[in-house]
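Please read each point with the structure open.

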Amino acid sequence: MNVQDNHADRVDPLHKADARPKLQAAPAGDLPLSAREQLRLIQSFFVGQSAAPALPSGLYPALLSAFRDESRVRTTYPLYLPQGEGACLALDELLEGAAPAVRLLTDNLKRAERLIRVSMREATRPVAAKAALEAVLAPLLQELSLREAHAAELSAAWNTLVQAIPEGTLLPYGEHAALQLFLHAVRQHRAGELAAFKGRVLEVKNKLTAMLLTDTAKRPEARSAEGLSRSLGGSGSLLNAGGLAKAVSQRTQTGVLSQVRRERIQRIVSALELWAMVDDTRATVVHSDPAASGWGLHADLHQADDVFTAAVTAFDGKAAQFAHVVRSLRAGELEISGSWNPDVHEPWFAGFDWQGFSRGEFMLLPVVVAYSDAHHTAAGLQSLSKLILSGRPIHVVTSSHPAENPGSAGDGASSYRLELGLVGIGLRQAFVQQSAAARPGHLVRGYLEALTGTRSSLHLVGSDQQLDGSAAKIGAWLHAGAALEGRAHPFFRFSPEQGSSFATQLDFDGNEAAEADWAQYPLEALDAGGKAVTLPLSFTYADFALLEVAHQGDFFVVPAAIPDTHLLTVSEWLSLPAEETVGRVPFVWGIDAGGTLQRVAISRRLVLLTRDRLSTWNTLQEMAGIHDPYAIQAAETAWESARAEAKAELAQLTNAHLAELERVREEEADEAMRRLTAVLLEQDFAGLAPTGAPKAAAPAAAAPAAPAPVAEAAPAAAPPAAEEEALSFDDPYIDSFLCTSCSECVNINKLLFVYDGNKQATIGDASAGSFKELVSAAEKCPARCIHPGKPKNASEPGLAELIQRATPFN
């Protein structure tokens with residue numbers, strides 16, 4: 001099961017075991033009385049008429065059996081966040097990238113990685129990366145128990161690794177990891193642009209300061225004896241300041257600034273100097289948690305009950321301050337170029353605010369974040385809507401538990417879920433992301449896309465905490481991945497700036513089996529006889545719910561005596577019409593602490609929740625262009641139209657072909673009759689006269705003679721063999737000129753039927769085949785040009801039927 005980011009489901013090779021789950025033996029024969037009673041109890045539980053007994057401890061979803069021991073799983077966290085520019089790195093990427101080529105170290109990197117994770121398991125805020133790595137050396141050496149020389153070698157290599165790592169922090173996977181990642185993205189995104197802008201500010205400030213100094217030097221008070229003496233400092237005693245002042249004052253005064261312009265430039269310089277001292281990489285976080293000061297955030301914190309309204313107020317104040325800086329900078333540049341026109345610029349700058357920024361200036365606006373949980377967000381939907389529709393680029397980061405219903409104040413599992421992501425999409429004007437800190441790559445990409453845009457943004461980040469506050473069964477990191485797999489918290493990014501249709505605006509990246517209802521994986525198990533079997537299992541919302549303490553009452557372990565005929569997996573149950581599920585109880589596969597697979601029936605309430613999550617998933621699929629019914633209908637319509645056109649064209653071609661065949665057949669038949677007539681006319685029919693027919697009288701000029709004895713007429717000479725063959729219609733023959741070269745006859749008997757020089761069939765060796773083969777070939781011939789004639793072998797079986805079948809072709 002692929003539960004995580006680029007480092008998903010990697011089991012630590014230091015721990016290996018054959019932990020394939022075991023199937024229970026299937027029952028045989030009729031149900032015993034006790035089993036029938038258990039089945040009625042389960043059916044009663046399904047419809048909500050009875051409660052389920054307590055679940056056995058350690059019951060997990062079957063597909064998560066490999067992750068029961070969290071220490072065996074290599075996760076992305078702790079995550080390395082560089083202090084300067086650079087991307088976030090998973091711990092193994094950090095170590096492998098900095099490790100020197102020392103075999104003793106490289107062979108034990110995974111061991112060191114595990115020790116670092118263990119040491120940071122209880123951490124709730126970022127820690128210095130170098131300090132955390134230095135602290136793990138001692139336990140690593142203790143665990144390895146190396147000889148002194150090898151220990152020294154490993155210590156030296158480890159210290160080299162630590163020194164190679166740039167300054168930064170290790171971020172643990174905690175409750176506020178998503179907010180920490182957002183603030184890191186802010187620093188990374190703004191650092192370069194702010195540095196360039198600050199350079200521009202200092203350049204303008206310095207040029208304006210030089211203008212003021214030059215102007216001061218030109219003023220009369222600077223030319224007095226007292227002013228010159230001050231400007232000369234310690235050298236004033238060596239010169240006659242009064243005489244010098246008299247000489248200087250005689251020079252013409254030119255280029256002195258007016259008092260109004262000088263005061264304007266002084267105000268600009270003061271504003272630019274003040275801003276240059278501010279650390280504008282710090283974001284402002286508006287929250288409602290009194291304990292936020294302990295989160296270790298690099299940000300300015302403001303607590304408020306209505307975080308969205310307070311965020312708008314904070315943004316307006318910050319934006320007004322920065323607008324004053326931008327206004328001063330632009331005015332300073334006009335002063336330097338000598339382009340300032342009071343009649344034009346003063347009215348324009350009087351109404352200048354953040355909405356008049358260029359895109360580059362807009363990207364430098366102070367970042368304001370409204371941070372809340374899903375319940376506060378749902379309760380403040382009106383304030384949230386006002387914030388988003390105001391056009392202010394405020395970023396909302398909301399933690400959302402996948403199993404809760406933020407729209408319900410009571411039992412959220414008994415009502416349809418309020419999908420805050422779809423609400424954000426419905427407002428149309430915000431960048432909306434649904435992601436999780438468990439997938440930092442996906443989450444940070446969304447953060448950066450929001451920070452480079454000009455709209456407000458809504459980030460719904462999956463929470464790893466249990467609804468009752470207890471720890472997750474399989475660890476928070478794996479819990480968040482299971483929520484993604486079970487469609488409890490699917491990933492998406494919606495950006496109105498990406499186009500005008502949902503298919504272009506919605507990014508569906510990050511979801512497993514995005515085109516299917518549920519992700520499906522093979523589970524290798526052992527049957528009751530110890531034989532290996534593979535079960536194709538879907539991971540549904542009901543499977544995810546098995547991890548939730550709040551859902552423990554929605555499961556009932558099915559006894560082994562009850563056969564599968566009374567059960568259906570929940571994925572099958574939801575895919576069938578209602579009439580086909582009557583009497584069948586939906587279930588999921590679980591695995592107990594002993595490694596035995598269990599069928600776990602689920603309540604009707606949980607089935608409806610699973611259906612609701614599937615409905616939301618299908619809605620997102622359709623919006624992303626997957627299984628769009630309109631597109632499918634359009635494709636089917638286009639296919640039917642194309643098929644109808646092809647069918648009509650084929651019929652037209654077939655009719656034309658048949659007509660051409662008939663024309664050629666008639667012409668060739670006429671030609672054959674013409675040739676037959678010619679042959680018959682050229683024959684000598686004298687010998688065909690009956691025996692004893694009277695002879696013609698001798699010519700009159702003949703001399704009389706004694707009558708000769710009348711001889712018997714000789715029999716007529718037999719016609720030549722070739723002529724006899726030409727006149728015989730009992731032999732098989734082929735109208736080769738009609739042959740289409742389809743090879744049907746040749747495939748029957750390659751000696752009986754052969755191709756001539758034009759690759760058209762003709763009779764080869766007539767004695768090499770049977771009459772049955774001739775008849776079969778005639779029946780298969782599409783051109784109907786094969787004539788079987790009459791059978792040559794009177795003893796061939798089935799002749800009566802074959803002669804009847806041959807009649808239409810002779």
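This is a predicted model: local features need pLDDT of at least 70, side-chain atom pairs count only at pLDDT 80 or more; totals for chains, interfaces and linings use all residues.

1. Beyond residues up to four places away in sequence, Tyr416 touches Asn405 and Asp612. The residue sits in the loop between S11 and helix H18 (420-426). Tyr416 is exposed, its relative accessible area being 71%, and the cut-off for that word is over 50%.

2. The protein chain has 29 helices and 25 strands. Of its 810 residues, 43% are buried. Taking contacts between residues at least 6 apart in sequence, 73% join residues at least 24 apart.

3. Asp554 deserves a separate look. It is found in the loop between helix H22 (541-545) and strand S18 (555-557). Is Asp554 buried or exposed? With a relative accessible area of 5%, Asp554 is buried, because buried means under 20%.

4. Which side chains make polar contacts with the side chain of Asp554? One is the side chain of His551, at 2.9 Å. Another is the side chain of Ser603, at 2.8 Å. Leaving out residues up to four places away in sequence, Asp554 touches Phe45, Ala601, Ile602, Ser603, Arg605 and Leu606.

5. Pro290 is another loop residue, placed between strand S8 (283-287) and strand S9 (299-303). Pro290 has a relative accessible area of 63% and is exposed. His302 is twelve residues from Pro290 along the chain, and the C-alpha atoms of the two are separated by 9.8 Å.

6. Helix H19 comprises twelve residues, 440-451. From first C-alpha to last it reaches 16 Å, close to the 16 Å expected at 1.5 Å a residue. Its buried residues are Pro440, His442, Leu443, Val444, Gly446, Tyr447, Ala450 and Leu451. What do the buried residues of H19 pack against? The partners are helix H8 (177-218) and the strands S4 (79-82), S11 (395-400), S12 (431-436), S13 (457-462) and S14 (492-494).

7. Now the pairing of two helices. Helix H13 (residues 307-337) packs with helix H17 (residues 381-389) at an angle of about 30°, and their axes are 8 Å apart. H13 and H17 are therefore roughly parallel to each other, since angles under 35 degrees count as such. On the H13 side the contact is made by Phe308, Thr309, Ala311 and Val312, and on the H17 side by Ser383, Leu384 and Leu387. The residues of this contact divide into five nonpolar, two polar and no charged.

8. The last point concerns helix H28 (residues 771-780), where Phe771, Leu774, Val775, Ser776, Ala777 and Ala778 are buried.

Note on methods:
Residues are numbered from 1 along each chain as its sequence is written. Side-chain values use heavy atoms; hydrogens and water are left out. Helices (H or I, at least four residues) and strands (E, at least two) are DSSP runs, numbered from the N terminus. Buried means under 20% relative accessible area, exposed over 50%, partly exposed in between (1.4 Å probe, protein chains only). A polar contact is a pair of N or O atoms within 3.5 Å; within protein, one must be able to donate a hydrogen and the other to accept it, and residues adjacent in sequence count only if both atoms are side-chain atoms. Contact means heavy atoms within 4.5 Å. The expected span of a helix is 1.5 Å times one less than its number of residues. Axes are lines fitted to C-alpha atoms, for helices over the stretch in contact, and angles run from 0 to 180 degrees between N-to-C directions. Angles under 35 degrees count as roughly parallel, over 145 as roughly antiparallel, 65 to 115 as roughly perpendicular and the rest as oblique. Ala, Val, Leu, Ile, Met, Phe, Trp, Tyr, Cys and Pro count as nonpolar, Asp, Glu, Lys and Arg as charged, and the others, Gly among them, as polar.
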